[in-house]
Amino acid sequence: PARRTGRATIADLRAIPWVFAWSQARYFLSGWFGLGSALAHLRNTSPDSYQAIVEQVFEWPPLHYVISNAATSIATSDPEVMEMYAGLVDDDGLRAGFLESILGERQRTMDALEEIYGGPLSVRRPNISRTLELRAPALRPLHERQVGLLRVWRTDPDDEALLSDLLVTVNAIAGGLGSTG
């Protein structure tokens with residue numbers, strides 16, 4: 001395919017192999033990105049259709065499944081950890097542009113989901129919230145370690161011991177999250 005010139009956008013990224021990386025870095029983009037904008041657009045252009053979704057979300061199992069999974073994915077995302085991994089991007093403009101887009105959509109999606117759930121997800125979905133709260137103290141140092149190892153590994157990708165340590169963090173984070181992506 002022809003190579004495009006200009007600035008990269010979220011649309012330029014492809015899911016494979018990114019889903020795993022997004023999970024490790026606590027973005028979980030594939031679980032929620034775009035939902036907030038889509039629901040806001042529907043609310044603005046077809047209020048009756050939007051209201052029907054809100055009214056049926058807990059009544060129609062397929063819709064509930066989609067919304068519930070999005071709510072779990074966005075709850076598992078962590079803006080502070082996301083910013084930590086984004087710090088690995090050397091190009092300040094590129095990093096800021098992507099992070100701003102992602103965090104903006106995260107807020108739109110949180111707002112939409114909290115409207116659907118009738119309150120903060122941490123209150124309306126207390127089991128998920130509590131599980132994440134319990135895991136956070138163990139996961140934070142693992143993320144910090146992984147970011148530090150990635151930073152060093154980029155300068156010496158042939159260091160087998162470093163790669164081994166990095167893979168340990170991958171497994172530890174996946175285990176702590178209960179998901180590999």
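**The whole chain**

Show the surface: the chain has about 10800 Å² of accessible surface, 57% of it belonging to carbon and sulfur atoms (Shrake-Rupley method, 1.4 Å probe, with only the protein chains shown counting as cover for residues). Keep in mind that this is a predicted model, where local features need pLDDT of at least 70 and side-chain atom pairs 80 or more, while totals for chains, interfaces and linings use all residues. Residues are numbered from 1 along each chain as its sequence is written, and side-chain values use heavy atoms, leaving out hydrogens and water.

Switch to cartoon and you'll find 10 helices and zero strands (DSSP runs, numbered from the N terminus: H or I of at least four residues for helices, E of at least two for strands). Of the 181 residues, 33% count as buried, meaning under 20% relative accessible area with a 1.4 Å probe, protein chains only.

**Next stop: Thr76**

Select Thr76, which is found in helix H5. Is it buried or exposed? Thr76 counts as buried because its relative accessibility is 10%. Its side chain reaches the backbone oxygen of Thr72 at 2.7 Å. Beyond neighbours within four places in sequence, Thr76 is in contact with Arg26, Phe28, Leu132 and Leu177 (contact: heavy atoms within 4.5 Å).

Key:
Buried means under 20% relative accessible area, exposed over 50%, partly exposed in between (1.4 Å probe, protein chains only). A polar contact is a pair of N or O atoms within 3.5 Å; within protein, one must be able to donate a hydrogen and the other to accept it, and residues adjacent in sequence count only if both atoms are side-chain atoms.
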